[in-house]
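We will go stop by stop, and each stop begins with something to pick.

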Amino acid sequence: MNTPRLLRNKIALAGLILIVLYLLMSVVSLFWLPFDPLAMNAEQILQAPSIGSGHLFGTDEFGRDILSRIMKGTSVSFIISVSATALGAIIGIFMGVWAGYLGGKPDNIIMRIADILFSFPSLLLAIFIMAILGEHTYNVVLAIGIVYIPQFARISRGAIIALKGNEFIRAATSNGAGRTYILTHHLLPNITAPLIVQISLSLSTAILLESALSFLGLGVQPPNPSWGNMLSSARKVMMFAPWTAVYPGLAIVLLVLGFNLLGDGLRDILDPRLRNVR
Amino acid sequence: MGKYIVKRLLSLIPVLIGVSLIVFFLVRMIPGSALQMYMGTQVEATAEQMEELKRLFGEDKPIPVLYFEWVGDLLKGDFGYSLRTGRPVLPDILNRLPISLELTLYSLILALLIGIPLGVVSSLHQNTFGDFINRVIGLIGLSLPQFWLAALMVIAFSNFQGWIPMGNYISLLEDPVKNLKMFFLPSLAIGFGFAAVVMRYTRNSMLEVLQMDYVRTAKAKGLPHRKVIIIHALKNAILPVITVTGFNAGYLLGGSIVIEEVFALPGMGRLALYAINQRDYPVIQAIVLVIATLFVLVNLMTDLVYALADPRIRLVDEKR
């Protein structure tokens, strides 16, 4: 990928800046937080946001500082979305690439499995898997990762099939190159563009899925803060303390927006077809 | 066309079998049997009673046999019994299904009503400030968690009577005005993000079509601008939008699970969440199966509509 081009695309750049800010916040939260995110304080319950008290985003129904909890939740969101996307991408790409390259029976079997997984709306599948595995942070990763497998499989299979008929592949075969060599040296490097875009968009969806699961009480369990479970507990008090619902939600929106902007910008940069349209 | 429909219907069978296998075996991966779950830890039963219960719960047979019995029951309309209430599952689902479907349908309509016009306008003013704002709003729409939007609506509209359903449901036949009013905000919460998707697809598709020769010809013939856009361009540009809409209906259906919870609408999503909290697996199993089947059927309908609108699709398929 060409870095200067990434930085010249305003949309991608805006996304990148948002993501870097969140990464900084996540790193800072490892060393310093304004308040202890788990410490309850009976005297500070549901304080409105104010600079004087130090609670910039106010406090929740247990008197815990909302800003500190949001900062702490950043790492949770990053870890879950990156590992779930990695899980789905690695297995999905592996399946899709082999299916596309081998064709025939293996292709048929792999793609039928993907079709079946596709028959479940993603949130429903994630909820179902969580209901079976039980509420735990790694299960969230597993649930979202499984949802992603067919998506990556389908995209990489399509890309490989489109590429397979090209002359340079036939040339490599007639030169005596082995299957694995052709896969790793000729096919994989040429399908990275659509995969990079998909990874960026999957990171954003993972954050939304994780927050929805935690919101429903199926994801990250309290007292550990995650943006979704903060919103879940805010439901009881948000009518008279709206800040408990507003700030964690904004935290989700801005990070997801960051990944979406980056994904959109990357698509503009990497997809030559769209470049002509502009 | 008839041949194409039959072929597509037949292709559903393996998918539905696969779906039922996944649902059945995943539920059986849960540690602890349904019987243990039902008994809890407080009840003591004699050996004969346990035998009887095992037979009742079907735990006396090997799993493959159970699967075939389960599918046989499903085909007869027997979806099993709730572990908590002891009632048959199917009537409970059928009572709630219309609410979820209504919510999904309204959110789809809202998304199309918002998304298509904005997409067209954006494509006609490509790269202007308005287009840019539209795209940014679209991206924000994609980034909003539906349940958060819903929660903000509940905060903002809690003082307005009738806009927030909160538990009571009034059917369309009973009082159409009240029904539409109570569904408006929940549908908007689900549909807003999808409107962004529709908008983006309409815009891209219009941009591609507007460059085509026949649109230029239509313009050169001196046809009125509006006619060229709506009759010539939009009619062709709308095809990919139909596909995306159909394939995303499941996303809307999934969204309804969370939104029903926030607005306390007594639909299937709430039933599912309640069943999950209660570990009521027959109910969970049945709901997942129903939603997945609906989703597969909607995808099939999308394919058929597409084939009807674009003969090339079915011709290519029939040649194979």
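Select Arg279(B) to begin: Arg279(B) sits in the loop between α12 and α13 of chain B. Helices here (H or I, at least four residues) and strands (E, at least two) are DSSP runs, numbered from the N terminus. Most residues other than glycine have a negative phi, and most peptide bonds are trans. Arg279(B) counts as partly exposed because it has 16 C-beta neighbours inside 10 Å. On this scale a residue is buried if 20 or more other C-beta atoms lie within 10 Å of its own, exposed if 12 or fewer, and partly exposed in between, with C-beta atoms placed from the backbone.

Before moving on, note that this is a predicted model, in which local features need pLDDT of at least 70 and side-chain atom pairs count only at pLDDT 80 or more, while totals for chains, interfaces and linings use all residues. Residues are numbered from 1 along each chain as its sequence is written, and chains are lettered from A and ligands numbered from 1 in the order in which they are written.

**Another positive phi**

Now pick Ala264(B), in the loop between α11 and α12 of chain B. Its phi is near 50°, a positive value in a residue other than glycine. Ala264(B) is partly exposed, with 15 other C-beta atoms within 10 Å.

**Chain B as a whole**

How many helices and strands does chain B have? The secondary structure comes to 14 helices and zero strands. The C-alpha trace of chain B spans about 90 × 60 × 35 Å along its principal axes. Of the 320 residues in chain B, 38% are buried. Among contacts in chain B with a separation of 6 or more, 76% link residues 24 or more positions apart; two residues are in contact if their C-beta atoms, placed from the backbone, lie within 7 Å.

**Two helix pairs**

Two packed helices are described by the angle between their axes and the distance between the axes. Axes are lines fitted to C-alpha atoms, for helices over the stretch in contact, and angles run from 0 to 180 degrees between N-to-C directions.

Select residues 176–210 and 249–263 of chain B, which are helices α8 and α11. Their axes are 9 Å apart and the packing angle is about 145°. From α8(B), the residues Pro186(B), Ala189(B), Ile190(B) and Phe194(B) meet Tyr251(B), Leu252(B), Gly255(B), Ser256(B), Ile259(B) and Phe263(B) of α11(B). By class, this contact of α8(B) with α11(B) has eight nonpolar, two polar and no charged residues. Ala, Val, Leu, Ile, Met, Phe, Trp, Tyr, Cys and Pro count as nonpolar, Asp, Glu, Lys and Arg as charged, and the others, Gly among them, as polar.

Next, select α10 (residues 225–247) and α13 (residues 281–309) of chain B, whose axes come within 8 Å and cross at roughly 170°. The contact of α10(B) with α13(B) divides into eight nonpolar, four polar and no charged residues.

**Leu210(B)**

Go back to helix α8 of chain B and pick Leu210(B). Is Leu210(B) buried or exposed? With 20 C-beta neighbours inside 10 Å, Leu210(B) counts as buried. Leaving aside neighbours within four places in sequence, Leu210(B) is in contact with Ser123(B), Val215(B) and Ala233(B). Draw a distance to Val228(B), 18 residues along the chain, and the C-alpha atoms are separated by 9.5 Å.

**Where the chains touch**

Bring chain A back. The contact takes 38 residues from chain B and 34 residues from chain A. Which element gives the most to the side of chain B that touches chain A? That is α11(B), with eight residues. This side of chain B has 30 nonpolar, six polar and two charged residues.

**Last stop, chain A**

Finish at Pro223(A), in the loop between α9 (192–215) and α10 (227–234) of chain A. A cis peptide bond joins Pro222(A) and Pro223(A), with omega about 10°.
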